[in-house]
Amino acid sequence: MLTLEKFEEATEIVQKVTRETKLQYSEYFSAQTGNKVYLKPENMQTTGAYKIRGAYYKISTLSEEERAKGLITASAGNHAQGVAYAAQQYGVKATIVMPTVTPLMKVNRTKSYGAEVVLYGDVYDDSCAYAYKLAEENGYTFIHPFDDLDVATGQGTIAMEIFKELPTVDYILVPVGGGGLITGISALTKMLNPKIRVIGVEPAPAACMKASLEAGHVVTLPSAKTIADGTAVKTPGEKIFPYVQENVDDIITIPDEELIVAFLDLMENHKMVAENSGLLTLAALKHLNFTGKKVVAVISGGNMDVITMASVVQHGLIARDRVFTVSVLLPDKPGQLVQVASLIAGTQANVISLEHNQFFSINRNDLVELRITMEAFGTEHKNEIVALLEKEGYRPKLVDRSGPTTTAW
């Protein structure tokens, strides 16, 4: 069982390998939501995520014989690094099975801690099944990333730290994948103060915990395709599920598109990078149906590779209308491009790229198309620019950057 004594023991033990991730009050998110919002930045943790807590505590509970057999686990990245790092501290061998789609940065970081990495399967569940197979064949000791009460106890030490800093907290928001993190946090929270509400946040395409709670038993989703790869789990933990049923007050689901915008909010206002799974709680803030409360949002990890980061930034700017493309029609005569450029410059927009299509029409004496990608201040500014181009007779049409123009000529 999860007990207060175990949580206290785990808190002391994990301090040997964890960094102090003090709560950060967010003026930006507080103003956006009408609540007092505090961030628990586990993205700044050793190995870049909270997972080191559960991994290190779990290994501390093993016998010398169990450690000597070698450790094995399956993970989309953060638990992998946690187990690899913890195993390195104990001087034991670790084998990590990771999905084939795991970002290269997470694979390399895991290897850097001395672990052997095996890439297998498209999602965590496939990797986990293969890890169990390898454990049986080689006699390894399996460290489950979430369906383990010792692992959950280690993750729950986050709640102990929150209470020490903010004992009057009203709500704690927790990302949910398989359920280990929220099991530990919610169980300890209810032990310390049952009035505090714990809300889980899942990616909508992989909301296995919400589906299980609604069904009253653990269910398996047909797929878990989400950009929040750290929480892309089809089946939550069987052992921990009763604790989630008892202690978690609600589950919020977030579409992938909202994580993209949350990334920009965090990066621009707090100068921090969080991976998509870590952004779930920030995206959930605007879905809360209350105000005037003290809310802690757990940012679970920050292990995002630069290619993913670049893509998220680009899509986030487009979603916020801070980058957009417009198509205009010009007479095929010298000087037309200068006139359009001058018009745009007068609006304080910044031109990023131009695409001049002389083959828009069969008759080159008619019109040519110019596609302009530019940076704006936001939706209002974008609309002002489009209205001005319309007024000047350029017949502007907004262009979907992922496809053709949104309106046919």
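Residues are numbered from 1 along each chain as its sequence is written, and side-chain values use heavy atoms, with hydrogens and water left out. Because the model is predicted, local features need pLDDT of at least 70 and side-chain atom pairs count only at pLDDT 80 or more, while totals for chains, interfaces and linings use all residues.

Trainee: How many helices and strands does the protein chain have?
Mentor: Helices (H or I, at least four residues) and strands (E, at least two) are DSSP runs, numbered from the N terminus. On that basis the secondary structure of the protein chain comes to 17 helices and 14 strands.

Trainee: What percentage of the residues in the protein chain is buried?
Mentor: Buried means under 20% relative accessible area, exposed over 50%, and partly exposed in between, with a 1.4 Å probe and protein chains only. The C-alpha trace spans about 85 × 50 × 40 Å along its principal axes. Of the 409 residues in the protein chain, the buried share is 57%.

Trainee: Among contacts between residues at least 6 apart in sequence, what percentage joins residues at least 24 apart?
Mentor: Contact means heavy atoms within 4.5 Å. Among the contacts in the protein chain that meet the separation of at least 6, the share joining residues at least 24 apart is 72%.

Trainee: Is helix α10 largely enclosed or open, and how many of its residues are buried?
Mentor: Helix α10 covers residues 180-192 and reaches 19 Å from its first C-alpha to its last, close to the 18 Å expected at 1.5 Å a residue, where the expected span is 1.5 Å times one less than the number of residues. Its buried residues include Leu181, Ile182, Ile185, Leu188 and also Lys190. Helix α10 is largely enclosed by the rest of the structure, because the number of its 13 residues that are buried is 11.

Trainee: Which strands are included in what covers the buried residues of α7?
Mentor: Helix α7, residues 124-138, has 15 residues and reaches 21 Å, close to the 21 Å expected. Its buried residues are Tyr124, Asp125, Ser127, Cys128, Ala131, Leu134 and Ala135, and just after the helix Gly139 takes a positive phi of about 75°. What covers those buried residues includes β3 (71-74), β4 (94-98) and β6 (141-142).

Trainee: Which side chain of opposite charge is nearest to Lys234?
Mentor: Lys234 lies in the loop between α11 (208-215) and α12 (241-247), and, leaving aside neighbours within four places in sequence, its contacts include Val123, Asp125 and Cys208. A salt bridge is a side-chain nitrogen of Lys or Arg within 4 Å of a carboxyl oxygen of Asp or Glu. Lys234 is buried yet has no salt bridge, and the nearest side chain of opposite charge, 4.5 Å away, is Asp126.

Trainee: Does Asp321 count as buried or exposed?
Mentor: Asp321 lies in the loop between α15 (306-319) and β11 (323-331), and has a positive phi of about 60° although it is not a glycine. At 13% relative accessibility, Asp321 counts as buried.

Trainee: What is the relative accessibility of Arg395?
Mentor: Arg395 lies in the loop between α17 (379-391) and β14 (397-399), and its phi is near 50°, a positive value in a residue other than glycine. Arg395 counts as partly exposed, because its relative accessibility is 41%.

Trainee: How far apart in space are His356 and Ile372?
Mentor: His356 is found in strand β12 (residues 350-357) and is in contact with Val368, Glu369 and Leu370, leaving aside its neighbours within four places in sequence. His356 and Ile372 are 16 residues apart in sequence, and their C-alpha to C-alpha distance is 8.8 Å.

How values were computed:
Lys, Arg positive; Asp, Glu negative; His and termini not counted.
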